[in-house]
Amino acid sequence: MKNNPIVFTLFGNNDCSDAISQALGYSVGKLTVHSFPDEETVVRILTPIQHAQVIFISTLDRPNSKIVSLLFAAKTARELGAAKVGLIAPYLAYMRQDKQFDQHEGITSKYFAEMISEYFDWMMTIDPHLHRWHSLSNIYSIPTQALHANARIAEWLKQHVTNPVLIGPDSESSQWVSEIAKMINAPSLILRKVRAGDKQVHVSVPQIAAYKEYTPVLVDDIISTAATMIATVKQLQVLNLKPPVCIGVHAVFAGVAYENLLQAGAAQIVTCNTIAHVSNGIDVNSVFIAALKLLLID
Ligand code: R5P
């Protein structure tokens, strides 16, 4: 990318902006997000940005508390003369609401995509939850890139787990589980999941007696309530398998989900650093750096 890219963070993600700045020489800009007593917000961009490529980095877990400031930041940058305004969202929210699950509700993944597309010129993220939407371009009207943590997870597994069998809790997970299994030459299984409510999940495990000597490794894109992982851990216990290593790309962990998963019997919980969490063990900043090197937006 030409034209002095300047990266800004709003709510943490400083490890990502620092890694990008170090690897690519981009400047790290300064901004403040001020809340008035009435809880309205003003974003002040303190670094000059006229004619610059501006990139905001904001992971979007707990999105409702972030989105107004983020959109104001993008609009402010444009009005202060930025040439282009891009968004790196290490975790992209609202992707799971990809159909009308109830006749009274809307498809909020589309509404969220429309807002982001109106305020930004481009967006990149890691492993967005693409299930019923097959591509971000189904709902985003700006150029987008869905990057993957697969290679980084495969590297971590090679270094830390002997004799793994990779297990995906549901059909969507086969897209990353099969890929990672191929990368490390390990067997993989995809389970069947039925979600009866926010925290009620049933999974059925196919014949896995042959894997008793293996280390089960559950891999999912999002761990939110952890109900999916917990149901799977319990099924593996019934089948007398070893306690599994649980890997999630995005450590959303609502409430005490992390503690519940540990208590359910996970041997280890490891996540990528798209959302800052004590379980972060797999660094994916290099994935953004590699993509930015190839980005041709002027
Ligand atoms: C949905 O299908 C996703 O891939 C994850 O399985 C899901 O988001 C996990 O959510 P939870 O931790 O609440 O079970």
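Two strands pair if DSSP finds at least two bridges between them. Helices here are DSSP runs of H or I with at least four residues, strands are runs of E with at least two, and both are numbered from the N terminus. What you see above is a predicted model, in which local features need pLDDT of at least 70 and side-chain atom pairs count only at pLDDT 80 or more, while totals for chains, interfaces and linings use all residues. Residues are numbered from 1 along each chain as its sequence is written, and side-chain values use heavy atoms, with hydrogens and water left out.

I'll start with the sheet. It is open, with 6 strands in the order β2-β1-β5-β6-β7-β8, and the pairing is parallel. At the edges stand β2 (27-28) and β8 (144-147), each with a single partner strand, so one side of each has no neighbour in the sheet.

Now β5, residues 53-57. To β6 it is joined by 5 bridges, running parallel; there Ile-55 has Gly-86 in β6 as its bridge partner. Strand β1 (residues 6-9) is joined to β5 by 4 bridges, also parallel, and Thr-9 is partnered with Ile-57 in β5.

How many of the residues of β5 are buried? The count is 5 of 5, where buried means under 20% relative accessible area, exposed over 50% and partly exposed in between, with a 1.4 Å probe and protein chains only. In a regular strand the side chains alternate between the two faces of the sheet. Here Gln-53, Ile-55 and Ile-57 point one way from β5, and Val-54 and Phe-56 point the other way.

Next, helix α8, residues 285-294. Its buried residues include Val-287, Phe-288 and Ile-289. The cover over the buried residues of α8 includes β5, β6, β7 and β8, as well as α1 (14-24) and α4 (150-160), contact being heavy atoms within 4.5 Å.

On to helix α6, which holds Thr-232. Thr-232 counts as buried because its relative accessibility is 1%. Leaving aside residues up to four places away in sequence, Thr-232 touches Ile-167, Pro-169, Leu-191, Val-203 and Leu-218.

Last, the lining of the largest pocket. A pocket is an open set of points on a 1 Å grid over the protein atoms alone, where a 1.4 Å probe fits, with protein on both sides within 12 Å along at least five of seven lines; lining residues have an atom within 4 Å of a point. At least two lining residues come from each of β11 (192-197), β13 (215-223) and α6 (227-238). Strand β11 gives the largest share, 5 residues.

Note on methods:
Axes fitted to C-alpha atoms, helices over the stretch in contact; angles between N-to-C directions.
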